[in-house]
Amino acid sequence: MKKLISILILCIISFEVLACSKITTKSQLNILVFTKTAGFRHTSIPEGIKALRTLSDEQLWNMTATEDASFFNPGYLEKIDVVIFMNTTGDILNEKQEKAFENYIKKGGGFVGIHGATHTELNWNFYYDLVGAQFEKHPKIQEARLIVHQDTKHPAINMLDNEWVTTDEWYYFKEPLKSHCKVLLDIDESTIVGSPNSGSSHPIAWYHEKFNGRVFYTGLGHTNEQYSNPFFIEHLKNGVLWAGKLYDISLSNQWINLLDEDLTAWDKYIGVPHTSVDLPFDFPKSDDVTKGTPLGLNNDVLNVFSVGQNKEKENILNITGEIYGGLTTKHMYQNYHFKCEFKWGEKKWEPRLGSKRDNGILFHATGAHAGFWNVWMRSLECQVQEGDFGDFFPLSGTIAEIPVVNSPKGKGHVYNSKGVEITSSFLGKHTGGRIQRSKNMENPHGEWNTVEIYAFGDRAVFVVNGEVVSTLKNTRYETNGIEIPLKGGRLQIQSEAAECYYKSIQIKGIDAFPEHIKRITGW
């Protein structure tokens, strides 16, 4: 009996460790971009630095770009989350610097290699194992077809379909790729002019975790033009986020608690204060809170988002609603089941005193904070509004396909699994914008409701109090006229002028939609 009790205690402890292990305490990565060359120098290096600075501004990374190898010392590297070798070439570190870098990787540091990184430190065995291959030759710059290994479910390729046609300088390597590397992209050599077809796999992007740190390499990035290609930018950004441990390939299939008393897993982004709001300092306000100056990241001076406990000792998230805001996960997620409990409070605020109580759960949130209405990110929204739980809103250029019927009230569309599929966006060229949920499943005011989001690949399902109320597929976003698949991102919980409460905020990984969801959706 004592043995059984010991085993049970061990299991409980193990589960608690597992459930807490994914809580992220940091969202602003420290990035070191190294561009030193001791051989061929790529003219695209300035464009690459510019693109990474733009990403850093968007993602709120702290980025340093340098060619000074003295940065490779233990004291400095211990502050760095990801080292990027961007088009480095030749022997660029001395022995002492090499040792510091090797220790950094073995202590869990992230590394991203771009293009010329495989033409670097050719006589250093550790680096060869780290980067995975060594450059041998290349044909002329040309367009090629890349085979995308979607089975890896790696975020660095989740913006791609099963193939990618793009132009770059395509490296051929001296030896086969190191066996510990997992291939993300292969070149279809039959589309290359000027080099023989080897008849075997030709990896051009890969990843591994052999040395404790996360390593991502992409052979793309020779040309200036690649650094303005939105697909390459997403490829690079998600590779950095993965290397920096803010984006995982998969989650545990056990529930992970996202709500603790210190909101450890979250950042707060506070929008533009209404003129009716009393602040403890001078700050510009606006009657139109979609315009103006937001208070910004983690500047929650009025405690719009806070955590207390009820009599059952459950953590309760209190959202006052006094200022528009977004409680944003520090981590990015894909292929998951998200679940929470929600109820309304009593208070309402300007500019929605005369409107329904409103809130929302935003998912697959990407891009910069304040991308929509100066507060929220580009995202897909599962609406939480009085009488409208589970409506779909595509924010800031996002798009999805949904089966619908015409609203019985004569305006708009209502989700129906057997309806006609339409495209939903607010871009002005598609049939639908807001799509209403199939039925009102909200409990009476003041009672708790369970809201769930299943997201897998480019599809998502909304469930309110056990009932499927909407489904989406082919989720994506448009930028500069180009549509890019959207399969993951952050979660945001809105503050939108109404007091409300959340509890039991949880997430777990899924490998597919549950069978009952498949039956309803026909997927």
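This is a predicted model: local features need pLDDT of at least 70, side-chain atom pairs count only at pLDDT 80 or more; totals for chains, interfaces and linings use all residues.
Helix H6 is a handy place to start. It covers residues 230-243, 14 residues in total, and runs 20 Å from its first C-alpha to its last, close to the 20 Å expected at 1.5 Å a residue. H6 is mostly covered, with 14 of its 14 residues counted as buried. At the N-terminal end sits a cap, asparagine 229, which places a side-chain oxygen 2.9 Å from the backbone nitrogen of phenylalanine 231. Past the other end, just after H6, lysine 245 adopts a positive phi of about 65 degrees.

Next comes asparagine 449, part of strand S26, which spans residues 449-456. Asparagine 449 counts as buried because its relative accessibility is 1%, and the cut-off for buried is under 20%. Its side chain has a polar atom 2.7 Å from the backbone nitrogen of asparagine 443, and a polar atom of that side chain also lies 3.2 Å from the backbone oxygen of glutamate 447. Beyond residues up to four places away in sequence, asparagine 449 touches several others, among them Cys340, Phe342, Phe389, Met441 and Asn465.

Serine 495 belongs to strand S30, residues 490-495. With a relative accessible area of 0%, serine 495 is buried too. A polar atom of the serine 495 side chain is found 2.7 Å from the backbone oxygen of isoleucine 323.

Note on methods
Residues are numbered from 1 along each chain as its sequence is written. Side-chain values use heavy atoms; hydrogens and water are left out. Helices (H or I, at least four residues) and strands (E, at least two) are DSSP runs, numbered from the N terminus. Buried means under 20% relative accessible area, exposed over 50%, partly exposed in between (1.4 Å probe, protein chains only). A polar contact is a pair of N or O atoms within 3.5 Å; within protein, one must be able to donate a hydrogen and the other to accept it, and residues adjacent in sequence count only if both atoms are side-chain atoms. Contact means heavy atoms within 4.5 Å. The expected span of a helix is 1.5 Å times one less than its number of residues.
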